[in-house]
Each structure stands twice: as C-alpha cells, then as structure tokens.
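Hi everyone, thanks for coming. Please bring the model up on your screens, and let's walk through it together.

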Amino acid sequence: MSRYARQTILPQVGETGQQRLARARVLVVGAGGLAAYALPLLAGAGVGHVTVVDDDTVFLSNLHRQTLFTEGDCGKAKAEVAANRCRALNAQITVEARCCRVTPANAPGMIAPVDLVLDCADSYAVSYLLSDLCLARGTPLISASVLGLGGYVGGFCGGAPSLRAVFPDAPDSGASCASAGVLGPVVGVIGAMQAQMALSVLLGLSPTPLGQLVNLDAQTLATSGFRFDAASEPATGFAFVAASDLTADDLIVELRGPDEAPVLLHPAARRLNPDQITDTGARRLALCCGTGLRAWRAAETLHRTWPGEIVLVSASAC
C-alpha cells in the first residue's frame, strides 16, 4: 500500500494533489515548539523539499513542548535534530537544515526559491520581517504565536493582506514563552493548525486559509476566528533592516545603555533617548535595540516629527 494512501483517497488530495505536495518547497523558520508539530505533519504528508532554519540548541526546558527532541538531544542544534527526525519519518523527501539566525540580510535569499513560508520563530521582529518580504514577493505566509494558554494562527500574504494589515501597531508586550510560560498542548494545537493551513494552500483547497485568522483560548477550550481579506495595508510601517544595511548617511541611534549593550549594533551608532533625537538632515533614522520593541514604540512617536524614513534594527534579528 502506498505511504500516502490514506490521504490520496481524499477527493481534496488524490494523485494530482500528492504530486503538488511532492513538488512543493517550504521554508520553516524556527525549529521549536510550533515546528515540533508542524514539521512531522509536513514531512509525513510528502512535502517534497523542506528547509528548517534555527540558530538555537536544545535545552532541557524545551522538552515539555518541543516534542521532536529528547533528553539526549540537549546541546545539539535544533535545526539539525529536527531535520534528522523528518528524514527518518520520510526518506522520500528532502529536508535541509540551516543552523543560522534569520536576518534582513539572508531572509530574501531563503524566501526566493520557496512556495510557502511557515513562521514558527517566536519572534515578532522575524515575523514582521517575513511578512514584509512575503508580501513583496506574493509568497504565502502561515504565521503563528503562542503564549501562556492562548495563541493564534493565520494565513497572510500570497494575495492576502499582510501581518501588518491585521496587527499594524507595536505589540503590547515583549513577553515570550521563556518569560511568561506556555503549556505544551497549546503549542501542539497551533502548530498542527499551521501544518493544516500550509497543506490547504499547497493543495489549492477552497476556501483558502490565506486571509483567515484563528484564535485559541485553551483555558476555556474555545476557538474563534475571522477573515481579513479586505484589510488594508497600513500607511506607516517601520521595516526591520540589517545593521550591515546602514550607512554613514543615516542617523543611527542605539536606545540601549552601555550596561545592557556594551557593544553597539553599528559602529556609527549614538546612544540617545527618544526625546534627544532631532532632525540632523540624515537620509533616514535607524533605531536600534534588543528585540525591536523599544525601537518600534519610539518610531511610533517620532514619525510625527521626523521628516524622513524610520527603520528598525533588532539585535535578535540582525
């Protein structure tokens, strides 16, 4: 019996759909909790080429939710371990591991050859970077976020509005799973939904999940959702750029103090508070901080008076 017999028997898949999956190229950014559930489902379904990108290593504290890993994997590169697990699951597909951080410098090259991107990064700076690039290229993006006992997953770009169209403002909180906590099953549900949305896009199912957002409240076991097909792209958006993209014509401001950031993100950066920033005739203003959140909030205030472009530089995505 064929490996894929239980899905090709579905009228929504069939042999034609299986061939579409075999030809598909998918980029999965992040090999943590969300990817632990999404990756095996993509591999099992026969997605022909999967690239897994993550610069982190496995920690014991990951294991309650990052179920691709075992205690014996602690200290190993997440992308390599995850890729090996997927290869063991399905030797008929190609799984590539890239043990690096996704940045504004390398992300365009990663996205260019793929048919779909899964955002499992647990970093809003990376999420918005991927969304901006996918919107420009017309590449579908399945993005998700989980925190505590809740989370969301949505289909963006590829003809649908972007992440910025749905979430145009800076996040209210910079909390992460590491700082605020998370339950494993919540991650599992959202990660599996990411895989389902990805397969639906690749198979061309209708209605498309692009333009759809689903929320999960695991404490009450309630789900909700809405379509955002008509959402408009915001007039003001602050792009994340690489520190290497900055030039001497920019006013580069490091918002962190020397205790927090002994080394500047750019040698030409100046340590200033937002209220100290004035127009110097620079080509653009580049605001630098650790996660990008402080820079984004400062940009939302400064764009009213700054005459030119404002861009953000995040130490976690540069």
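Let's start with the sheet: this predicted model has an open sheet of 8 strands in the order E3-E2-E1-E4-E5-E6-E7-E8, with mixed pairing. Two strands pair if DSSP finds at least two bridges between them. The names come from DSSP runs, numbered from the N terminus: helices are H or I runs of at least four residues, and strands are E runs of at least two. Which strands stand at the edges? They are E3 (94-98) and E8 (222-227), and each has a single partner strand, so one side of each is left without a neighbour in the sheet. From one strand to the next, the twist averages 15°.

A quick word on ground rules. Residues are numbered from 1 along each chain as its sequence is written, and side-chain values use heavy atoms, leaving out hydrogens and water. As this is a predicted model, local features need pLDDT of at least 70 and side-chain atom pairs count only at pLDDT 80 or more, while totals for chains, interfaces and linings use all residues.

Now look at E1 (residues 25-29) and E4 (residues 116-119), which pair in the parallel sense over 4 bridges. Here Val29 stands opposite Asp119 in E4. Helix H3 (residues 33-45) packs on the sheet and touches E1, E2 (49-53), E4 and E5 (141-147); contact means heavy atoms within 4.5 Å. The direction of H3 makes about 165° with that of E1. Helix H6 (residues 124-137) also packs on the sheet, touching E1, E4 and E5. Axes are lines fitted to C-alpha atoms, for helices over the stretch in contact, and angles run from 0 to 180 degrees between N-to-C directions.

Next, two helices. The axes of H2 (residues 14-23) and H9 (residues 184-203) come within 9 Å and cross at roughly 110°. That makes H2 roughly perpendicular to H9, a term for angles of 65 to 115 degrees. Gly17, Arg20 and Leu21 of H2 meet Leu199, Leu202 and Leu203 of H9.

Finally, the inside. A nonpolar core is a set of buried Ala, Val, Leu, Ile, Met, Phe, Trp, Tyr and Cys residues joined through side-chain atoms within 4.5 Å, where buried means under 20% relative accessible area (1.4 Å probe, protein chains only). Of the 51 residues in the largest core, Val28, Leu39, Leu42, Leu118 and Ile142 touch the most other members. Which element gives the most to this core? That is H9, with 10 residues.

Key:
Angles under 35 degrees count as roughly parallel, over 145 as roughly antiparallel, 65 to 115 as roughly perpendicular and the rest as oblique. Buried means under 20% relative accessible area, exposed over 50%, partly exposed in between (1.4 Å probe, protein chains only).
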